[in-house]
Each structure stands twice: as structure tokens, then as C-alpha cells.
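Have the structure open and follow along.

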Amino acid sequence: MRARLLSAPCPASTAPSSSSPYLPSGSAGARPRLASWKPRGPASAPPPPPLLSLRARASMQPAALPHDGQGGPLVHGVTNTVVGVLGGGQLGKMLCQAASQMGIRIVILDPLPRCPASSVCDEHVVGSFTDGDTVREFAKRCGVLTVEIEHVDAATLERLGKQGVDCEPKASTIMIIQDKYRQKRHFSKCGIPLPDFMEVDTLHSIEEAGEKFGYPLMVKSKRLAYDGRGNAVAKNKEELSSVVASLGGFEHGLYVERWTPFVKELSVIVARSRDSSAVCYPVVETIHKENICHVVEAPAEVPDKIKKLATSVAEKAIKSLEGAGVFAVELFLTEDNQILLNEVAPRPHNSGHHTIESCYTSQYEQHLRAILGLPLGDPSMKAPAAIMYNILGEDEGEAGFYLAHQLIRRALDIPGASVHWYAKPEMRKQRKMGHITIVGSSKISVKSCLDNLLQSNSSDPKEVSPRVAIIMGSQSDLPVMKDAERVLKEFNIPCEQTIVSAHRTPERMYDYAKSAKDRGFEVIIAGAGGAAHLPGMVASLTSLPVIGVPIKTSTLSGFDSLLSIVQMPKGIPVATVAIGNAENAGLLAVRILAARDPELWDRTLPPALAHKEHSSLNTANTCIGVHR
């Protein structure tokens, strides 16, 4: 399949004429359902009602609907409930796109006339979601209220909830999440594992925190901190004053966290319905650039034990909050395999964008299902692997738009890629302008597609990480070992060839073997010459598969090397091939890699077997056709 540029144009039948009183002058045909109003002020006479389109007026008359025979109105489609969304950014836009597919009506409240969601919602009310009067008026149009940004007027939502207005998730949850220090205290009381933290309000208190937690020290704002904003690192005591000043001073509200030496950042999307039933999406890894999510890999490449632990922590955290919807739980994986909660978002999240293409139910559809009390959908992945790349502004203004367009043009030619452009009117450096999701048959294939895309976007060629290490004890082994390299190159598998001696350079061998997995190697091919120590020694230091190649020598013709490999003790497996047959070692490495790479698997099949599988597939298809 080819890439798709996702868009949801307004139906032509609903577009008013250019003389419509509900459109600003000079905007004929654009954003046809815009309704702009201001909250009521004190006045002696009743104020006129806000301007509404005919579509909006019709949606406010549920009594006109026929009944279903059981006392309730007849439901046309999925639901008659109008969903009100506080915020009209890119999350709101994708929420509207999911709602459009299900025939669910969405009204958004956002202060920007040209916000991303304005082109795809049923109605856009121009107003502030932090103003209580505006939020109260907006709530009158909706059957259920939800958020696509947590920085809203939660106090007004709390009062509305007490008056019977349906808000999901609950205002109590949004209040907890809005204040990150309060969030930490809440989860700490619930027994959720967290980095150590403490509140600071004076220079003396933050100096005490530095003495207690050590340096570097993470200093954070309690409120309005996201996408790297509101966070700063003090490398030593001398930097504390400047770091505090950069965050607005102690009066802004600050707290500190012990520095967490994590090895990966993970995320789990949890969906909870109104009846408290919950489902979790597969654990993903998030990769950040300047504290902004840049790449998401799904599923995360971590052991099953870590996935279960991450999911358990996420479920426990969300169980402690009130209300329905989709929640994102950001986590740290530490060096000692602990899972620590970083923070929670009470809404769809950047780490779940990939679900639109990769999962049976996207996080956006799931959020709508959850808040409306509909059955939750299947969160599992329908593609074996996916990778999401955020299109961040690389320059200001038109120069930034040009660079983004070049990237999009290349992405549209990649099989399995989908482009999402948020249509934000202003380009700024590091601003989230869109994203690209690539789905494929394996993590290797989607990573390769992204690498090729980004390499094309740079004037400097990007170095490809080797997947196979070919090592030998001396230069004299090279004539034999080069056959393994030749085979790997035939299959376009990057490899590294180097000299590592078990007895001449034991420290280098130790470091090489111990770091091989972290460097991205997946298989090691080790030549065994006269000494014959190398394959076994390396295998004892790494969990990667090791293939030993016995090399013929002038004394025992390579039998000493062969016997030393096959007689390795239990618990330290080493594969081997015939003496001097590095070509087979290369082919064996290819097949090991192909076991989790379907595209590579098809290329490794011997011709006769490939023909047999093709014939079997045709036979199966014929049988299916007869059965039908």
C-alpha cells in the first residue's frame, strides 16, 4: 500500500454561501460551522442569544427526536449525544476525525479561529477554555464534556459536575494532573513507584534538596509544564539560582526530582469506560529530542516481564483516578529493571498517534467509546510493528514550511506510511506540526524505512548501525571470514568486521562482548584459529547468539578449534559450521535475523522450498474458494 494523506474535508452540502453572517468577511467557504460568542456580562435586560448556525440550533432540540418505544429517543447511528471538547489542537482534530467516521457530533471550544480542529468539527466556538463563564455557556451545547488539553478551568468543571453536567474524565482527575507536584503526591500515596521528589520554595530548601538527592538535579514547575517547557537541570549547587530564575522563580511553584538514570522511556495508553472496565494498549518506547517526543516505537523492544510490569503500574495509576476516557502513562525503565512513573495525561497522547494505523481501535475512537459508555474496542496491534515520527519545526516561518513539505513528499512514497498534517497556521522551531506513522511486517523494516526517509532529508549520509559483528583473533583469519561478510552484504545486512583476540587483547574482548547488545548487534560470528578461545569466551559474556567458525591451521587442520566449540559446557551455547565454512556462518546469521523479519525470511528460502510454499498457498486459496 502507498502512503495516505489523511484529511476530513467539510461536506459540500453543509457549506454556507459567502454571504453567511456566521463567517468573517473574506473567508467564503472556509470553516463553515464557526460560531463565535462572548460570555454574558451583567446587564439589566436579557442579552441576545449567541449566534448559532442552523445545524447547531437543530442539535439542541432532542425533544423533536422520535422515541424508540422504550421511553428514550430513537438513536440515529452510534449515539445522539453531542460531545463537547475543550481545546481544538491536533489531538482535538484527530478526535474529530474519529468521531466523523462514527457519525458522532463534536463541538469544540478553542480561542484560535484557525485551530487545527476547526476544519473537521461540527461546530467551533471561539472562546477560552480557561474562562469560567465561557466554559459554562459552552457546556449548554453538549451532552458530555471532555478535554484534549488538561490546562482548562477545572474549578468550573467541578462546579458543573455538581450541577449534573457530564464531564469525563472527572474534574478531580484534571485538578490532580494539572499540578505535577500534587500528581506526584497522589500517586505516592497510592503506592505507585516514582522518582524521589520534594517541594522547594526557598534557595535554602532547594540547596537541601541538592544535598539530599545529589546532582544533576531535576527542577520542575508545578503547573503549565509540557513538551520540555517548565523543566530545567541544575548540574551543581552553583547553578541553582539561575535554574530557578529560568523557571519563573519560587513564586511560580517549583519542586525537584532525584535524577533518574533510565535506559528507556516507555508509555502505556489505558482506556477506562464509564463502568470502570479498562483495556491497555501495547507498551511503546518514546524517544525524545530536546525534551519533546520525537519518535515512538511500537511495540517496545523490552522483555515480556518489563511489559507486564509497565502495564501493571499504568493500570494501578489510572485506577486511582476518577472518570472515563483515554489516559497516557509515561514511565521510566531504570538500569536495574525498575519501572517508575513519570507523569500521566488525562487524554489522548502523542505516544498513541500510531494507533490510528497500527491498532484495531485507535486511541481517539477509544476515547469516544469510553466517555460515551460504548463498548471498549480491541487495543491490540493489527500490524506487527509501527514507528511514529513527529514532524517538528526545523526553522521559522516559510523556511520551516518548505523543509516540512520536502519531508512529507518523500514520506508519501514510502509503502506503509501515513502522513498527518495538523494545518497550524504558524511555523516555529520545535513546534509539533504533524506526524508520520509507518507500519510494516517487522520493527527492522519500519526502522529502515524511517532511516531512509531521514537520510534523504539530510545532506550528510546517515551511518547505518551494523546488525552482525564478525570478529577474529588475527588478520590471518580474514581470507576465511570475508565469506561471511560477502553473504551478509548480499542480503543488505550491515555488519562490522574487526580483530578481537581472546589472549592478546582480553580486555578489549571483554568490553566488546559485554557492550555488543547495547550497540545494536543481534548476532556475533567469531572465527576460531589455533588458540580457539574466542567463540566460547564471547558466548560466556553475552546473551546474543554466537556462531563459531573453525579455521584450518597448519598443526591440527582446524579440528582443535571445532572440538573446542562443540564441547562448550551446558548453559553457554555456541553454534558452529564446517571447518573454514564462513559462508554458512553468514547464512545462519541471516536466518537468525529472518526469524523475526518476514521480509528477510522470504528472501532466505531456498528456491525449491519457496516454490513449495507458493504452491501450498495456492492450494489453500483454492480450498477456501471451494468452501465459500
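When we say two residues are in contact here, we mean that they have heavy atoms within 4.5 Å. Keep in mind that this is a predicted model. With that in hand, here's what to look for.

**The cores**
- The largest nonpolar core has 26 residues, and Leu266, Leu331 and Leu341 touch the most other members.
- Elements giving two or more residues to this core are α5 (171-178), β11 (262-272), α9 (304-319), β15 (325-334) and β16 (339-345).
- The top contributor is α9, with 6 residues.
- Take a look at Leu341: beyond its neighbours within four places in sequence, its contacts include Phe187, Ile192, Ala317, Val329 and Leu331.
- There's also a second, separate core of 23 residues, and among them are Leu95, Ile104, Cys121 and Tyr364.
- As a rule, nonpolar side chains in soluble globular proteins tend to be buried together.

**Strand β14 and its partners**
- Strand β14 (residues 292-298) is mostly covered, with 7 of its 7 residues buried.
- β14 runs antiparallel to strand β13 (residues 284-289), and 5 bridges join the two.
- In that pairing, Thr286 sits opposite Val296 in β14.
- β13 and β14 make a hairpin with 2 residues between them, and Glu290 in the turn has a positive phi of about 55 degrees.
- β14 also pairs with strand β17 (residues 385-392), again antiparallel, over 4 bridges.
- Here Ala298 stands opposite Ala386 in β17.

- Leu556, Phe559, Leu563 and Val566 make a nonpolar surface patch of about 400 Å².
- Val566 belongs to helix α17 (residues 559-566).
- Val566 counts as partly exposed because its relative accessible area is 48%, which lies between the 20% and 50% cut-offs.

Conventions. Residues are numbered from 1 along each chain as its sequence is written. This is a predicted model: local features need pLDDT of at least 70, side-chain atom pairs count only at pLDDT 80 or more; totals for chains, interfaces and linings use all residues. Side-chain values use heavy atoms; hydrogens and water are left out. A nonpolar core is a set of buried Ala, Val, Leu, Ile, Met, Phe, Trp, Tyr and Cys residues joined through side-chain atoms within 4.5 Å. Buried means under 20% relative accessible area, exposed over 50%, partly exposed in between (1.4 Å probe, protein chains only). Patches are made of residues with over 30% relative accessible area and no salt bridge: like charges are joined within 9 Å, nonpolar side chains (Val, Leu, Ile, Met, Phe, Trp, Tyr) within 5 Å. Accessible areas come from the Shrake-Rupley method with a 1.4 Å probe; for residues, only the protein chains shown count as cover. A salt bridge is a side-chain nitrogen of Lys or Arg within 4 Å of a carboxyl oxygen of Asp or Glu. Two strands pair if DSSP finds at least two bridges between them.
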